[in-house]
Amino acid sequence: MVRRRFGKPQQENEVTSTLELSVIGNSTISALLDKDARIVWCCFPRFDGDPTFCTLLNNGGEDETGSFNITLFDQVRSEQQYRRNSAIVVTTLFDDNGNAVEITDFAPRFKQFGRVFRPTMLVRHIRPLNGTPRVCIRLRPAFDHGAQRPERTRGSNHIRYVMPELTLRLTTDAAISYIDEEIPFVLESPVTLILGPDESLTESVSQVGKTFYERTNDYWREWCRYLSIPFEWQEAVIRAAITLKLSSFEESGAIIAAPTTSIPEAPNSKRNWDYRFCWLRDSYFVVHALNSLGVTRTMEGYLSYISNIVAGSDDGYLQPVFGITMESDLDEREVLSLKGYNGMGPVRVGNDAYTQVQNDGYGSVILACAQSFFDQRLTKLGDETLLKRLERLGEQAVQRWDAPDAGLWELRTRQEVHTFSSLMCWASCDRLARICERLELEDRRVYWQIHADKIKEGILQQAWNSEINSFADTFGGDGADASLLLIAELGFLPPDDPRFLGTLKMIEERLRKGPYLYRYNRPDDFGTPETSFNVCTFWYIDALAAVGRTAEARDLFENMLACRNRMGLLSEDADPNTGQLWGNFPQTYSMVGLIKSAMKLSKPWEVAF
């Protein structure tokens with residue numbers, strides 16, 4: 001069918017992609033919207049699916065395949081915000097004649113029939129605010145990573161988009177022809193668009209949209225009420241907490257690192273990776289941060305996910321990353337049909353990090369599970385059955401604490417004995433000893449304490465470099481690694497220990513650039529890193545607070561808050577010269593860092609009363 005064109009909306013296909021994006025979702029799917037409410041990224045039927053909307057990595061392409069745009073003609077500006085304490089985004093578009101339109105976007109999520117209703121669905125509500133705004137709705141889903149368009153069939157109030165493994169139905173009270181043929185029209189009354197499963201609605205589309213909106217808004221506001229937030233920076237912490245919740249694939253309990261793939265860590269760096277999977281390390285940090293806010297259900301879901309993974313490992317060996325339903329094979333390939341973020345390819349699907357040896361993962365899992373043995377709020381407490389599974393991981397830590405690996409930064413062409421991996425192996429044994437003490441298993445406590453002491457002594461002997469008065473990144477090395485800032489956080493040494501203070505000094509001398517921190521500064525598989533790693537800056541802030549340099553830590557924290565985009569979100573990396581965000585978005589690591597630093601630095605609630 002030939003699509004009609006009635007003039008060209010302002011700047012159509014001319015906007016360069018940025019990370020000034022918002023995220024909506026419901027712990028099954030998520031979508032990214034730009035400042036003009038264009039959906040630029042969304043995978044169906046789950047986080048790691050084929051991107052139905054993919055213009056973030058294709059700049060719209062020649063025919064905007066993979067887009068869902070609601071365009072106001074002669075638009076001159078836009079405003080966008082989240083509904084307070086929710087995952088609902090409201091965008092207002094203004095044209096040069098004083099007309100205005102409001103677009104409300106969300107993915108339904110609310111309690112129903114004793115469980116959480118979270119369908120693979122997006123709801124968009126459009127209403128005129130002023131005058132006679134003229135709009136055009138362009139819905140062009142894609143499959144095969146933007147390479148193909150689906151077949152379409154029309155009904156009286158719906159359009160079906162038929163793809164090989166998925167059929168989506170758009171149900172609307174707008175004129176079907178206006179959408180199917182992309183005909184501009186004057187928006188005289190509100191319009192509701194519901195894109196989701198190929199199922200008929202049991203009520204009018206406007207009523208369903210209204211009910212889903214109200215119940216979703218109520219859900220998120222109620223969820224936020226129970227957060228144990230700090231006195232200061234509450235809005236920032238709440239937004240970070242909601243973002244972390246949106247990163248949980250609730251069906252299995254997995255937690256993704258980010259909902260995107262292949263946004264480069266720096267311009268044209270080729271550091272483009274698929275983050276739509278569950279890293280054991282990242283998930284521990286997410287669970288730990290949410291626990292500090294009193295969110296326990298996400299941890300319980302993750303513990304179920306981990307229990308299934310551990311149960312499937314006969315000897316306790318763990319690969320560092322799994323699929324969101326525990327897939328172990330995540331073969332990496334390049335997708336040629338997408339040009340990449342601002343043309344900066346390659347676009348990768350899958351992640352070969354699953355084949356790497358990363359010895360810190362055992363500590364990540366045990367640390368994540370440890371709270372279940374101590375927290376009486378949980379529905380299912382840790383017991384001897386879980387302990388036995390974790391002990392298999394501990395035995396791996398005992399064997400691997402001084403063995404070479406790819407490290408937490410996932411070096412692809414170099415293996416060394418990384419100090420952080422060894423620290424996490426120590427933490428495995430240390431926490432197992434504490435768990436055994438809790439369960440009054442004295443023989444096992446002694447067993448694990450002996451191993452913890454042995455590993456600690458080995459780290460002190462082999463990772464400490466007296467010439468630089470610091471722990472080094474690797475055994476026998478002399479390099480800097482920001483992960484060593486977690487030495488005190490993990491309880492390996494107290495923050496006032498001279499060896500930790502020396503390490504802090506060395507790291508800030510070598511890795512700090514202005515108010516930002518690099519993760520390391522020696523060349524890797526792609527050269528020397530060009531951007532700072534946001535969570536490392538937060539680790540540095542926490543370390544400064546731990547050693548009493550609180551005023552300096554607060555200044556750096558305020559700078560990181562200023563680095564967030566206008567919607568309060570952070571990606572993985574930041575340009576230390578400009579503060580511009582780079583890397584996959586929104587990044588759980590970064591939002592975790594924000595929460596933890598806020599909790600450590602905030603004035604106590606008592607100051608207000």
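This is a predicted model: local features need pLDDT of at least 70, side-chain atom pairs count only at pLDDT 80 or more; totals for chains, interfaces and linings use all residues.
Residues are numbered from 1 along each chain as its sequence is written. Local features need pLDDT of at least 70, side-chain atom pairs count only at pLDDT 80 or more, and totals for chains, interfaces and linings use all residues.

**View 1. The largest pocket holds about 720 Å³ of space.** Here a pocket is an open set of points on a 1 Å grid over the protein atoms alone, where a 1.4 Å probe fits, with protein on both sides within 12 Å along at least five of seven lines. Of its 28 lining residues, K111, Y219, W223, K245 and R297 are the closest to the centre; lining residues have an atom within 4 Å of a point. The elements giving two or more residues to this lining are β10 (115-117), α2 (205-225) and α5 (297-311), and α5 gives the most, with six. Helices are DSSP runs of H or I with at least four residues, and strands are runs of E with at least two.

**View 2. The second largest pocket holds about 470 Å³ of space.** Look for D48, G49, D50, H145 and E165, which lie nearest the centre among the 26 lining residues.

**View 3. Strands β28, β29 and β30 form an open sheet in the order β28-β29-β30, with antiparallel pairing.** β28 (532-533) and β30 (581-582) are the edge strands, each with a single partner, so one side of each has no neighbour in the sheet. Two bridges join β28 to β29 (residues 573-574); strands pair if DSSP finds at least two bridges between them. F533 has D573 of β29 as its bridge partner.

Methods. Side-chain values use heavy atoms; hydrogens and water are left out. Grid points are joined across faces, edges and corners, and a volume is the space filled by probe spheres set on the points.
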